Amino acid sequence: MVEIERLKRMPEFQAMEERELKELIAAMQELVHSYTNNNFQNRQKRITAKSENGKIIGFCQFFDEGDIIQISESINNGLYTIVEVTDRTITLDRALYEAPYNLLTKI
């Protein structure tokens, strides 16, 4: 999708705060995925991991900061943006419920 900085340069979005733009982008992504019946998953780049203390406990060499991932087969189903990746955890743009199993797939 489009980057926030690019939207901020467009006159119609300059009055919006970054949080609002992020919500707008997320809503548009879900709309496109639903309308096209295509979630654009890269199934070659996925892991299963538990969520604990609001984070994913696990690592995937293919996941980088700023990537969009989809969580499925979990109470945490949805689209998320990766905020931070360490060798043990993945922090997303929203907190997660604790779950023993999350399927994370890069979009």
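Local features were taken only at pLDDT of at least 70 and side-chain atom pairs only at pLDDT 80 or more, while totals for chains, interfaces and linings use all residues of the predicted model. Numbering runs from 1 along each chain as its sequence is written, and side-chain values rest on heavy atoms, with hydrogens and water left out.

Strands here are DSSP runs of E with at least two residues, helices are runs of H or I with at least four, and both are numbered from the N terminus. Two strands count as paired if DSSP finds at least two bridges between them. On that basis, β3 (residues 68-72) and β4 run antiparallel and are joined by four bridges. Within this pair, Gln70 stands opposite Leu79 of β4. The two strands make a hairpin with five residues between them, and Glu73 in the turn has a positive phi of about 55°.

β3 also pairs with β6 (residues 99-106), again antiparallel and through four bridges; here Ser72 faces Leu103 of β6. As for burial (buried is under 20% relative accessible area, exposed over 50%, partly exposed in between, with a 1.4 Å probe and protein chains only), five of the five β3 residues are buried, so the strand is largely enclosed by the rest of the structure. Both of its faces are covered, with Ile68, Gln70 and Ser72 buried on one side and Ile69 and Ile71 buried on the other.

β4 carries on to β5 (residues 89-92) through a hairpin of three residues.

A pocket is an open set of points on a 1 Å grid over the protein atoms alone, with protein on both sides within 12 Å along at least five of seven lines; a 1.4 Å probe fits at the points of a cavity but cannot get out, and lining residues have an atom within 4 Å of a point. Points are joined across faces, edges and corners, and the volume is the space filled by probe spheres set on them. The largest pocket comes out at about 510 Å³. Its lining has 20 residues, with Ile4, Lys22, Ile25, Thr81 and Asp93 nearest the centre. The elements giving two or more residues to this lining are α2 (18-36) and β4 (78-85), and α2 gives the most, with seven. By class, the lining has 10 nonpolar residues (Ala, Val, Leu, Ile, Met, Phe, Trp, Tyr, Cys and Pro), seven charged ones (Asp, Glu, Lys and Arg) and three polar ones (the others, Gly among them).
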